[in-house]
Amino acid sequence: MTDADLIEFAKDFRDGILDGKPSDWMCAMVCWPLAGLLCFNGVECECVESDLGHCNHIWIRLADSRALDPTADQFNHFNDCDFPVVYLGAPAVIHVTEVA
């Protein structure tokens, strides 16, 4: 699956789950079944939980360590962020997995 295919697949899945509702507080509801479906389709991945202090966040780590986050946009109004509807790339500030 190409990156464009992966983003489109995740966006379509997210849209089906959220049914027009915002992604706020829906990361686990979207990521857990999406990760299972991706694995079923041959995409190696795992769900990861980040502790952001004020809340936890679930996202998907791909085999190449990149983040696939179909609900990253929920943080745009909390931070000075401009995440797309589906984020695919190097882990960002919301994808912290270790406490310093």
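Modeller: Phe83 is buried, and so is Tyr87; buried means under 20% relative accessible area, exposed over 50%, and partly exposed in between, with a 1.4 Å probe and protein chains only. This is a predicted model, in which local features need pLDDT of at least 70 and side-chain atom pairs count only at pLDDT 80 or more, while totals for chains, interfaces and linings use all residues. Residues are numbered from 1 along each chain as its sequence is written, and side-chain values use heavy atoms, with hydrogens and water left out.

Colleague: What kind of aromatic pair do Phe83 and Tyr87 form?

Modeller: Rings of Phe, Tyr and Trp (its six-membered ring) pair if their centres lie within 6.5 Å; planes under 30 degrees apart count as stacked, over 60 as edge-to-face and the rest as tilted. The count by this rule is one aromatic pair. For Phe83 and Tyr87 the values are 5.6 Å centre to centre and 85° between the planes, and the pair is edge-to-face.

Colleague: How far does helix 1 reach from its first C-alpha to its last?

Modeller: Helices (H or I, at least four residues) and strands (E, at least two) are DSSP runs, numbered from the N terminus. The expected span is 1.5 Å times one less than the number of residues. Helix 1 covers residues 3-18, which is 16 residues, and the expected value is 22 Å. Its reach is close to that, at 22 Å.

Colleague: Why do the buried residues of helix 1 line one face?

Modeller: The buried residues are Leu6, Ala10, Phe13, Arg14 and Leu18. Ala4 and Gly16, on the other side of helix 1, are exposed. The arc is taken from the directions from the helix axis to the C-beta atoms. Seen down the axis of helix 1, the buried residues line one face because they fall within an arc of 120°.

Colleague: Which strands stand at the edges of the sheet?

Modeller: Two strands pair if DSSP finds at least two bridges between them. The open sheet has four strands in the order 1-2-3-4, with antiparallel pairing. Each edge strand has a single partner strand, so one side of each is left without a neighbour in the sheet; these are strand 1 (45-51) and strand 4.

Colleague: At what angle does helix 2 run to strand 2?

Modeller: Axes are lines fitted to C-alpha atoms, for helices over the stretch in contact (heavy atoms within 4.5 Å). Angles run from 0 to 180 degrees between N-to-C directions. Helix 2 lies across strand 1, strand 2 and strand 3, and its angle to strand 2 is about 15°.
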